[in-house]
Amino acid sequence: FTPNNDKVNDVFRLEATNLSQVSMVIIDRWGHVVYDVNSTTGNVEWDGKNQRGAECAEGIYFYTIKATGTDGVKYDNKGTITLAR
């Protein structure tokens, strides 16, 4: 994704329905947590900034998304995100 404020692909986003709890953690290539967010609405997003609001460097980041459905089913997804400016 390209968080450069051009209104195109500016956020990494999960939009879901029927989730009662969602947790997303973004980790840099050195294993440091740069962003951590929890939601009860089923929607989470990352704008390319760390927890303090500073812009993260270009590169590859790892994400972990854990969620619980309203039916009690648990989800655990992992992958990579490429951040380009």
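Two strands count as paired here if DSSP finds at least two bridges between them, and the strands themselves are DSSP runs (E, at least two residues), numbered from the N terminus. With that in hand, take E2 (residues 19-27) and E5 (residues 59-69): eight bridges join them, and they run antiparallel. Val22, for instance, has Ala67 in E5 as its bridge partner.

A quick word on what you're looking at. This is a predicted model, with local features needing pLDDT of at least 70 and side-chain atom pairs counting only at pLDDT 80 or more, while totals for chains, interfaces and linings use all residues. Residues are numbered from 1 along each chain as its sequence is written, and side-chain values use heavy atoms, leaving out hydrogens and water.

Now step back to the whole chain. It has six strands and zero helices, so the pattern along the sequence, by the DSSP runs, reads β-β-β-β-β-β. Along the principal axes, the C-alpha atoms fill a box of roughly 40 × 30 × 20 Å.

Back to the strands. E2 and E5 belong to an open sheet of four strands, in the order E3-E2-E5-E6, with antiparallel pairing. E3 (33-39) and E6 (74-83) stand at the edges with a single partner strand each, so one side of each has no neighbour in the sheet. On average, neighbouring strands of this sheet are turned by 15 degrees against each other, direction ignored; the axes behind that angle are lines fitted to C-alpha atoms, and angles in general run from 0 to 180 degrees between N-to-C directions.

What about the inside? Buried residues (under 20% relative accessible area with a 1.4 Å probe, protein chains only; exposed is over 50%, partly exposed in between) make up 34% of the 85 residues. A nonpolar core is a set of buried Ala, Val, Leu, Ile, Met, Phe, Trp, Tyr and Cys residues joined through side-chain atoms within 4.5 Å. The largest one has 18 residues, and Phe12, Met24, Ile26, Val34, Trp46, Tyr61 and Ile81 touch the most other members. E2, E3, E4, E5 and E6 each supply at least two residues of this core. Beyond four places in sequence, the contacts of Ile81 (heavy atoms within 4.5 Å) include Phe1, Phe12, Ile26 and Trp46.

Some of those names come back among the aromatics. Rings of Phe, Tyr and Trp (its six-membered ring) pair if their centres lie within 6.5 Å, with planes under 30 degrees apart called stacked, over 60 edge-to-face and the rest tilted. There are four such pairs. Phe1 and Phe12 have ring centres 6.5 Å apart and planes at 40 degrees, so they make a tilted pair. Phe1 lies in the segment before E1 (12-15) and Phe12 in E1, so the pair ties together parts 11 residues apart in sequence.

Finally, a loop worth a look. Asn50 sits between E4 (43-46) and E5, and counts as buried at 15% relative accessibility. Its C-alpha atom is separated by 5.3 Å from that of Tyr35, 15 residues away along the chain. Leaving aside neighbours within four places, Asn50 is in contact with Val34, Tyr35 and Cys56.
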